[in-house]
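Hi,

Here is the structure I said I would pass on. Have a look at it first, and then read on for what I found.

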Amino acid sequence: MDQQPIAPEQFNHLVKSRRSVFLKQFMKGEQVPDKIIWQLLENANWAPTHKHTAPWRFCVFTGEGLKKLASFQAALYKKNAGQHFKPDKYEKMQNNPLQCSHVISIGMKRSSEANIPEMEEIAAVACAVENIYLTAAVYGIGGYWTTGGITYETGAKEFFGLSGEDKLLGFFYLGYIGTPSIAGKREPIANKTTWVDG
Ligand SMILES: Cc1cc2nc3c(=O)[nH]c(=O)nc-3n(C[C@H](O)[C@H](O)[C@H](O)COP(=O)(O)O)c2cc1C
């Protein structure tokens with residue numbers, strides 16, 4: 001450890017006060033510096049990972065890149081939707097990424113060598129995403145993990161450098177916070193915990 005650890009109460013406060021901040025709450029047109037996005041990714045990279053497979057894979061979209069993402073996902077949705085096509089959903093596919101400063105696609109690269117269950121690779125990526133959430137919170141940046149858009153569409157994952165048994169796990173939408181989220185709510189953890197000491 002190259003620095004003093006942060007005070008436990010500070011960390012506890014961070015964990016508890018971290019909130020998802022949704023598109024409507026973003027400050028329009030405010031750009032997060034790329035340097036901060038790299039820090040989110042750097043911290044994601046320190047997530048726990050069984051057998052060090054480090055299965056997280058990210059693509060960052062910003063600037064003109066957001067338009068590329070938007071066009072791709074709208075077109076793929078249209079192609080796949082057939083008779084279930086909904087114009088409002090198509091419009092969201094085209095517009096949602098454009099309301100962000102950056103969008104990070106969240107991918108899971110399936111290890112062919114480590115022989116660990118898929119569930120563990122997905123769990124490791126989820127740990128990485130929590131690091132993104134917490135890092136965004138300390139920098140005063142809003143964002144959330146969405147499994148909307150084309151997350152589960154056939155033909156989506158290749159656009160994000162994934163293939164075969166890899167999985168697209170969604171997107172992290174990022175922007176500066178215009179309207180803060182209201183305080184979170186959780187059931188007491190004791191309701192979800194069995195404590196065995198005898
Ligand atoms: C795996 C995962 C997928 C999610 N997908 C969506 C989504 O598609 N749309 C959405 O509005 N929020 C999504 N969320 C964010 C949740 O809505 C959010 O975490 C929840 O409302 C609790 O709020 P909090 O993050 O502020 O504690 C997702 C969260 C996780 C962990």
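Strand S2 and strand S4 (residues 167-176) pair in the antiparallel sense over seven bridges; strands here are DSSP runs of E with at least two residues, helices are runs of H or I with at least four, and both are numbered from the N terminus. Two strands count as paired if DSSP finds at least two bridges between them. One spot to look at is Gly107, whose bridge partner in S4 is Leu168. Before you go further, note that this is a predicted model, where local features need pLDDT of at least 70, side-chain atom pairs count only at pLDDT 80 or more, and totals for chains, interfaces and linings use all residues. Residue numbers start from 1 along each chain as its sequence is written.

On its other pairing, S2 meets strand S1 (residues 56-62), again antiparallel and over seven bridges. There, Ser105 of S2 is the bridge partner of Cys59, and Met108 of S2 is the bridge partner of Trp56.

Put together, four strands make an open antiparallel sheet in the order S1-S2-S4-S3. S1 and S3 are at the edges with a single partner strand each, so one side of each has no neighbour in the sheet. Ignoring direction, neighbouring strands are turned by 20 degrees against each other on average (axes are lines fitted to C-alpha atoms, for helices over the stretch in contact, and angles run from 0 to 180 degrees between N-to-C directions).

Is S2 enclosed or open? Seven of the seven residues of S2 (residues 102-108) are buried, so the strand is largely enclosed by the rest of the structure. Buried means 20 or more other C-beta atoms within 10 Å of the residue's own, exposed means 12 or fewer, and partly exposed is in between, with C-beta atoms placed from the backbone. In a regular strand, side chains alternate between the two faces of the sheet. Here His102, Ile104, Ile106 and Met108 point one way, Val103, Ser105 and Gly107 point the other, and all are buried.

Helix H5 (residues 118-138) lies across S1, S2, S3 and S4, and runs at about 0 degrees to S4. (A nonpolar core is a set of buried Ala, Val, Leu, Ile, Met, Phe, Trp, Tyr and Cys residues joined through C-beta atoms within 7 Å.) Leaving aside neighbours within four places in sequence, Ile132 is in contact (C-beta atoms, placed from the backbone, within 7 Å) with Leu40, Asn43, Ala44 and Phe172.

Now the ligand. Around it are Arg19, Ser20, Phe22, Tyr144, Trp145, Thr146, Thr147, Gly148, Gly170, Ser181 and Gly184, each with its C-beta atom, placed from the backbone, within 6 Å. Strand S3 (residues 141-146) gives the most to this shell, three residues.

Finally, two loop residues to check. Lys51, in the loop between H2 and S1, has a positive phi of about 55 degrees although it is not a glycine. With 13 C-beta neighbours inside 10 Å, Lys51 counts as partly exposed. Asn115, in the loop between S2 and H5, also has a positive phi, near 55 degrees. Asn115 is exposed, with 7 other C-beta atoms within 10 Å.

Cheers

How values were computed: Two residues are in contact if their C-beta atoms, placed from the backbone, lie within 7 Å.
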